[in-house]
Amino acid sequence: MKQLHKILNKITTLTTDIETNYPELYRSLDENPMTLPVSQHPHLDKEVMQEYLESLNQMLHHYLEEHKNSN
């Protein structure tokens, strides 16, 4: 349970950073398939949340790479 709490804190920190510093990316989080549960009552365990955290990190990394190349 402690590990899940750490992951959730990292997700919160990262999404807050994205919201504050990259609002155009934050708006697209609603469209991210990782944020949309497939079932009506999704099972959210440590592994699922870790995958979500990784997807957020990848999105941010990709966004930064795209914008670094366009400047």
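Which residues of α1 are buried? In this predicted model, the buried residues of α1 are Leu4, Ile7, Ile11, Leu14, Thr15 and Ile18. The legends below describe the chain as a whole and then a series of close-up views.

**Figure 1. Overall arrangement of the predicted chain.** The model is a prediction, and its protein chain contains 3 helices and 0 strands. Read from the N terminus, the elements follow the order α-α-α. Of the 71 residues in the protein chain, 24% are buried. Among contacts with a separation of 6 or more, 73% join residues 24 or more positions apart.

**Figure 2. Helix α1 and its buried face.** Helix α1 comprises 20 residues, and the distance from its first C-alpha to its last is 29 Å, close to the 28 Å expected at 1.5 Å a residue. Leu4, Ile7, Ile11, Leu14, Thr15 and Ile18 are the buried residues of this helix. Viewed down the axis of α1, the buried residues fall within an arc of 95°, so they line one face of the helix. An α-helix has 3.6 residues a turn, so residues three or four places apart point the same way. On the face of α1 turned away from the buried side are the exposed residues Lys2, Thr13 and Thr20. The cover over the buried residues of α1 includes α2 (23-28) and α3.

**Figure 3. The largest nonpolar core.** This core has 14 residues, and those with the most contacts inside it are Ile11, Leu14, Leu25 and Leu56. The elements that supply two or more residues to the core are α1 (2-21) and α3 (46-70). Helix α3 provides the largest share, 7 residues. With neighbours within four places in sequence set aside, Leu25 contacts Ile18, Met59, Leu60 and Tyr63.

Figure 4. Thr15 is located in helix α1. The relative accessible area of Thr15 is 17%, and the residue is therefore buried, the cut-off being under 20%. The Thr15 side chain comes to 3.1 Å from the backbone oxygen of Thr12. Apart from neighbours within four places in sequence, the residues in contact with Thr15 are Tyr26, Leu29 and Leu56. Leu56 is also one of the residues with the most contacts inside the largest nonpolar core.

**Figure 5. The salt bridge of helix α3.** The structure holds 1 salt bridge. The partners are the side chains of Glu65 and Lys68, with an N to O distance of 3.4 Å. Both residues belong to helix α3 and are 3 residues apart, about one turn of the helix. Glu65 has a relative accessibility of 30% and so counts as partly exposed. Lys68, at 54% relative accessibility, counts as exposed.

Figure 6. Asp45 lies in the loop between α2 and α3. The relative accessible area of Asp45 is 22%, and this residue is partly exposed. A polar atom of the Asp45 side chain is 3.0 Å from the backbone nitrogen of Val48. Asp45 and Met1 are 44 residues apart in sequence, while their C-alpha atoms are 9.4 Å apart in space.

**Figure 7. Leu64 and Tyr22.** Leu64 is situated in helix α3. With a relative accessible area of 36%, Leu64 is partly exposed. Leu64 and Tyr22 are 42 residues apart along the chain, and 9.5 Å separates their C-alpha atoms.

Key
Residues numbered from 1 in each chain as written. Predicted model: local features only at pLDDT ≥ 70, side-chain atom pairs only at ≥ 80, totals over all residues. Heavy atoms only, no water. Core = buried A, V, L, I, M, F, W, Y, C linked by side-chain atoms within 4.5 Å. Buried < 20%, exposed > 50% of the residue type's maximum accessible area, 1.4 Å probe, protein only. Helix = DSSP H or I, 4+ residues; strand = E, 2+ residues; numbered from the N terminus. Contact = heavy atoms within 4.5 Å. Salt bridge = Lys/Arg side-chain N within 4 Å of Asp/Glu carboxyl O. Polar contact = N/O pair within 3.5 Å; in protein donor to acceptor, adjacent residues only side chain to side chain. Expected span 1.5 Å × (residues − 1). Arc of directions from axis to C-beta.
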